[in-house]
Amino acid sequence: MRFDTILIGGGLASLVCGIQLRKSGQDCLIVSAGQNALHFSSGAFGLLSRLPDGTEVHEPLKSLSFLPANHPYSKIGVDKVAEYSSTTVGFFDSCGIGLHPAPVQGDGGFPANGYRLTPMGTFKPAWLAMEGVTLLPSKDKVNWKKALIVNFSGFLDFNTSFIAEGLGNKGVDCRVERVILDDVESLRKNPTEMRSVGIARIMNKEKNWKEFGAKVKELRGGEDLVILPDVFGLGDRIITRWLGEMIPAEVMFVGTMPPSVPGIGVQMRLKKTFESLGGTFLSGDIAINPLFEGNRVTAIHTANLGSIELRADNFVLASGGLFGKGLDASPDKFAEPVFGLDVDSPGDSHSLCDEDFFSPQGFAGIGVRCDDSFRPFRNGGVLENLYVAGSEVGGCNSLYEGSGAGVAILTAMSVADSVISGQ
Ligand SMILES: Cc1cc2nc3c(=O)[nH]c(=O)nc-3n(C[C@H](O)[C@H](O)[C@H](O)COP(=O)(O)OP(=O)(O)OC[C@H]3O[C@@H](n4cnc5c(N)ncnc54)[C@H](O)[C@@H]3O)c2cc1C
């Protein structure tokens, strides 16, 4: 089988890159092993919240020059980061995914980070939030006086006490209530079903979310804020808006324990867009055994397709770093398992495990070593038609910096441009 480009990984980076390539007419295949980081998403995307030295970032685009030269954003370049980040909302909109920025501009005139309420009751910076997820202009000051926090009876993956305590610390008077719905109660017969996605499937039905909204409306006293678990709108996120319109207060959807309903919704819609544009998505399969000719990759195999060669002009590796199993960690080293690429790390994996359990881990920058076009090194030489995108790329600690989705989206756009322009 032959394609123009084969992408490895079914997460945010691979899907964004694949959609961009399909839009320019490339014949694309995505090989996806399974779950990805979107299944654990907070419901918001980070661009940059903290510099490597710990300084908090308010306006990400203003802080790019403080990043090291091997950071993915430095490789993309300040102007291109600004361009790609400004097109992100439109890109996702074209895939049926609503994203919104913080409600204020920064002092320097650049887009500013907003703050989302976490399931732990704290406020964390974010660049863009999914529909239904509120971004506040500040983490220090809130305007609500009273909040009603509503959960489903028996749903343990939404911790109302943490949220009440966090808001209480900001001076908000919180009351917690539970709603019983017959259809949700049926999930309790099997404890493993009483999870966010199980409830979200039930809440996709108009009868159910309307019944839930009516019960919340009845429960509301004089509260100016109503907080609900983010288990609505798996099929169509607009349900969060309709539910909000039923309740006469500000309604905020706050994340639950994984799986993340808003994150899975984004993954489903990106995959649907890729396929509706004519891309081929191979689910539940693993890319293995590449073939090389000099400094080029000519084909890969997959675990399920056996000896069938999947050939392409270009390949994109977006296999998710340590979390996505795009990197292997053994006691003495980190390795990239598909192509045997060179990996940058600050030390061997053993030396990164400090004896003090609570000391910060030095996982900064572990990832595939790439040139400025995100082409990887293998045995010291660059592979000409393989590109790396997303958290597989070295040079940053995206969880620490709060840059995970930004790095995934922007490296994907950059790689798509390089493939299209034939660099
Ligand atoms: C638990 C967690 C939560 C996060 N939450 C957020 C958040 O809320 N906001 C944010 O901005 N960032 C978040 N991040 C950062 C996250 O890394 C990025 O947001 C982004 O989603 C990463 O996308 P990716 O495509 O690079 O990798 P991934 O999403 O990890 O996808 C990699 C994919 O490659 C597949 N794969 C691996 N090897 C192979 C192979 N050989 N063949 C085929 N497929 C393969 C994996 O199965 C996986 O599907 C989070 C990260 C983690 C780990």
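So, to start: which residue in β7 is the bridge partner of Pro 101? It's Leu 128. Keep in mind that this is a predicted model.

Let's build out from that pair. β4 and β7, residues 128-130, run antiparallel to one another and are joined over three bridges. Zoom out a bit and you get an open sheet of three strands, in the order β3-β7-β4, with antiparallel pairing. The edges are β3, at 44-45, and β4, at 99-101, and each of those pairs on one side only. As a reminder, strands in a sheet pair through backbone hydrogen bonds.

Now, the ligand. There are 35 residues around it, and the ones that come nearest are Ala 37, Ser 42, Gly 46, Ala 287 and Ser 391. The largest share comes from α12, with three residues. By class, you've got 17 nonpolar, 16 polar and two charged residues in the shell.

A few backbone contacts to look at. Ala 33 has a polar backbone atom 3.0 Å from a ligand nitrogen. For Ala 37, a backbone N or O atom sits 2.8 Å from an oxygen of the ligand. And Ala 44 has a backbone N or O atom 2.9 Å from a ligand nitrogen. As for cover, the ligand on its own has 990 Å² of accessible area, and the protein covers 88% of that.

Key
Residues are numbered from 1 along each chain as its sequence is written. This is a predicted model: local features need pLDDT of at least 70, side-chain atom pairs count only at pLDDT 80 or more; totals for chains, interfaces and linings use all residues. Side-chain values use heavy atoms; hydrogens and water are left out. Two strands pair if DSSP finds at least two bridges between them. Helices (H or I, at least four residues) and strands (E, at least two) are DSSP runs, numbered from the N terminus. A residue is near a molecule or strand if one of its heavy atoms lies within 4 Å of it. A polar contact is a pair of N or O atoms within 3.5 Å; within protein, one must be able to donate a hydrogen and the other to accept it, and residues adjacent in sequence count only if both atoms are side-chain atoms. Accessible areas come from the Shrake-Rupley method with a 1.4 Å probe; for residues, only the protein chains shown count as cover. Ala, Val, Leu, Ile, Met, Phe, Trp, Tyr, Cys and Pro count as nonpolar, Asp, Glu, Lys and Arg as charged, and the others, Gly among them, as polar.
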